[in-house]
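Subject: The two-chain model for you to look at

Hi,

Here is the structure I promised to pass on. Have it open on your screen while you read, and I'll walk you through what turned up.

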Amino acid sequence: MTSLLDVRDLVVVYDTPRGRVVALDGVSLDLEAGETLGIVGESGSGKSTLGLAIGQLLPWNSRRLSGDLSVLDLSVFGGDDERLRRLRRDVLGFVFQNPMTALDPTMRIGRQLARAIGPRATRDSVRALLSRVGLAGAGRIEQSFPHELSGGMAQRAAIGMAIARNPRLIVADEPTASLDAWLRDQILELLISMCSATGASLVLLSHDLHVVSRYCRHVAVMYGGRIVEYAQRETLFRRQAHPYTRALLESAPGAEGPDGRLRPIQGLPPVITESSRGCAFAPRCGWMKDLCNDVRPEMQLTRDRSVLCHRAEEVLACRSGA
Amino acid sequence: MRIFRFIAFRLGIALVTLFGVSIIVFMAVHFVPGSYEDVILGPFGTPETRAIVRAKYGLDRPAVEQYLHWLAATARGDFGTSLTTGQPVAAEIIRRAPATIQLAVMATLLAIAVGVPMGIASGVTSTSQFGRTAGRLVGALGASVPVFVLGTIFVFMFSIWSLGLTVGGYVPLFEDPLTNMRAMTLPVVTLSVFGMALIQRTTRDSVLSVTSETHVTAAVARGERPPDIIRSHVLRNASIPIVTVTTVYFAYLLGGAIIVEQMFSVPGVAVYVVQSVRNRDYLAVQAGVLLAATVFVTINILADIVYALIDPRIGGKRSQS
């Protein structure tokens, strides 16, 4: 069966003036039609690189070292530019973090939407699109430039452009990070409702595990360029098999300990310059053993999840944090 | 309307600038060692004859009085009479302006026609090492060859193989377009090479920075065709720095492409002003410099208006957020 999105052992590096940085260190992922997947990670975890790789929108100083990523069986690294362009146009929709920079500052919103709809765009189809994203009755918005809109309105317009051709897969990278908190739920609900209305799949990238799990049925946790745990959200919230997932939950608001304080994760996320020999999280991990530094963990499939930890079973068995 | 207030404000600043320029040019011209009477009487003038000459042209009056007198006349549009030829300065400048304007306009158009496409090409190929190196090389080479070197090479080459072009032999454009173009091609090309390099470099850097903006990534993500992306999303956003260097370059050419005018015997304003400096023809120099400054300031105001037309975020309505 054709899966919508198929990522196999993808390794992507950036060549920077200060040397190579490994952004994706062997990522594998499957996504079926209609699914909603949240990918959670700190900045530097590789989640944005993964998101960009889905449309092969990686910057020019990046290189794919190995592995592959296919959308509807077309490898985005295959080198067929025209097919890739059609794939982006007809199958994929991207929503970026800051709508103010994702919209062309010198073009009126109406014209940008018309371009997103394509050559058959009419005044009516632009209006219809505006009302789909909750900007109805909006002759003024059509005539506006992006800087004349509020952040929330601009992000709605940007979502409108992403869904204009009814994509099968929407990739949204921190779509609410630049917006006021009270707008967050509105925008995410708009995204979810667009997906369920058209049967599109959603990949939502975020640093916030709670937000992701509220809107997505599946959650993948990324650390150091790898997916360290993947499960349905209920499974993940009931128990965590990876110490990092557990640490994320314990460091998030709502998980204060008896003393009323959160337990932040000690240390900083790593900048990896070569494929990690052991586990990338080991230096910050309370469960670390010698094994973790020396042997690279492989993905283990358990009954209800995949996890990338040598001590996953012990972590699962232990109710409280290490 | 904010745009009109903006223009009025800029005009005010322009007047202050020009007033400053008038003071500086007046002082500069009058404090240059050697003066008018030295030039016409030569080294053998006696103190008496020198005093007579000074008195005749009012050069013995206090500097402030001379300045105010000149400023008042200039404000009325009277540039005075040349001390060397006895002809009105304004008439001479008007007679020479077409050559200078033609030179500046054609050199600028040629520089745009070559520089912008080259800049776009090297901007969008800068993702490869080769494109990056080639783009830099062309820019650096064009910008670093001095005009007099280039002009000398052209003069030398075309004195051997004329190819129908002439060095010198200027006639006004509307009198005999063909002869005019034959005389103007070489100076125009010589002048425009620097502009091409300047515009190519600026375009390249600007295109490069716009293509790394998110809205261009977003356009790629929507599957727009690369030529459409460049036309619709990159060029307009990249054009402000290009307009800036082009206007400065154009104004600079109008202000005096002295080397090229001299080298190719183009009877332009710059040659006239330099001759006047040599002759201590105060009024002619003052008028020429003040005029060049006026042109410069005017062109810059026009550039500011163009910015506001290109980018709706400049000078227009305020953001609602």
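One term before we start: two residues are in contact if their C-beta atoms, placed from the backbone, lie within 7 Å. Also keep in mind that this is a predicted model.

**Where the chains meet**

With that term in hand, look at the place where the two chains touch. On one side there are 21 residues of chain B, and they are in contact with 25 residues of chain A. Helix 9 and helix 10 of chain B each give at least two residues to the side that touches chain A. Which helix of chain B supplies the largest share of that side? That would be helix 9 of chain B, with six residues. Sorted by class, the residues on the chain B side come out as five nonpolar, ten polar and six charged.

**Chain B as a whole**

Now zoom out to chain B. How many helices and strands does chain B have? The tally is 13 helices and zero strands, so if you follow chain B from the N terminus on, you read α-α-α-α-α-α-α-α-α-α-α-α-α. The C-alpha trace of chain B spans about 85 × 60 × 35 Å along its principal axes. Chain B has 321 residues, and 34% of them count as buried. If you take the contacts in chain B with a separation of 6 or more, 73% of them are between residues 24 or more positions apart.

**Helix 9 of chain B**

Go back to helix 9 of chain B, which covers residues 214–221. Helix 9 of chain B is mostly covered, with seven of its eight residues buried. Here is the list: H215(B), V216(B), T217(B), A218(B), A219(B), V220(B) and A221(B). What do these buried residues pack against? Within chain B, they pack against helix 8 and helix 10. Over in chain A, they pack against helix 2 (81–90), strand 6 (92–95) and helix 3 (99–102). After helix 9 of chain B comes G223(B), whose phi is positive, near 75 degrees.

The crossing of helix 9 past helix 10 of chain B is right-handed. Helix 9 of chain B makes this contact with H215(B), V216(B), A219(B) and V220(B), while helix 10 of chain B uses I229(B), H233(B) and V234(B). By class, that is five nonpolar, two polar and no charged residues.

**A residue in helix 8**

Next, find M196(B), which lies in helix 8 (residues 177–211) of chain B. Is M196(B) buried or exposed? M196(B) is buried, because 25 other C-beta atoms lie within 10 Å and 20 or more are enough to count as buried. Leaving aside neighbours within four places in sequence, M196(B) is in contact with A111(B), V114(B), G115(B) and G142(B).

**The sheets of chain A**

Chain A is where to look for strands. Four of them form an open sheet in the order 2-1-4-5, with antiparallel pairing. Its edge strands are strand 2 (19–31) and strand 5 (74–75) of chain A, each pairing on one side only. Strand 1 (residues 5–16) and strand 4 (residues 62–71) of chain A pair in the antiparallel sense over eight bridges. Within that sheet, D6(A) stands opposite S70(A) in strand 4 of chain A.

Chain A also has an open sheet of eight strands, in the order 6-7-8-3-9-10-12-11, and here the pairing is mixed. Strand 6 and strand 11 (300–301) of chain A are its edges, each pairing on one side only. Strand 3 (residues 36–40) and strand 9 (residues 218–223) of chain A run parallel and are joined by four bridges. The bridge partner of V40(A) in strand 9 of chain A is V221(A). Helix 7 (residues 151–163) of chain A packs on this sheet, touching strand 6 and strand 7 (169–173) of chain A.

Happy browsing!

Conventions: Residues are numbered from 1 along each chain as its sequence is written. Chains are lettered from A and ligands numbered from 1 in the order in which they are written. This is a predicted model: local features need pLDDT of at least 70, side-chain atom pairs count only at pLDDT 80 or more; totals for chains, interfaces and linings use all residues. A residue is buried if 20 or more other C-beta atoms lie within 10 Å of its own, exposed if 12 or fewer, and partly exposed in between; C-beta atoms are placed from the backbone. Axes are lines fitted to C-alpha atoms, for helices over the stretch in contact, and angles run from 0 to 180 degrees between N-to-C directions. A crossing is left-handed if the near helix is turned anticlockwise from the far one by less than a right angle, and right-handed if clockwise. Ala, Val, Leu, Ile, Met, Phe, Trp, Tyr, Cys and Pro count as nonpolar, Asp, Glu, Lys and Arg as charged, and the others, Gly among them, as polar. Two strands pair if DSSP finds at least two bridges between them.
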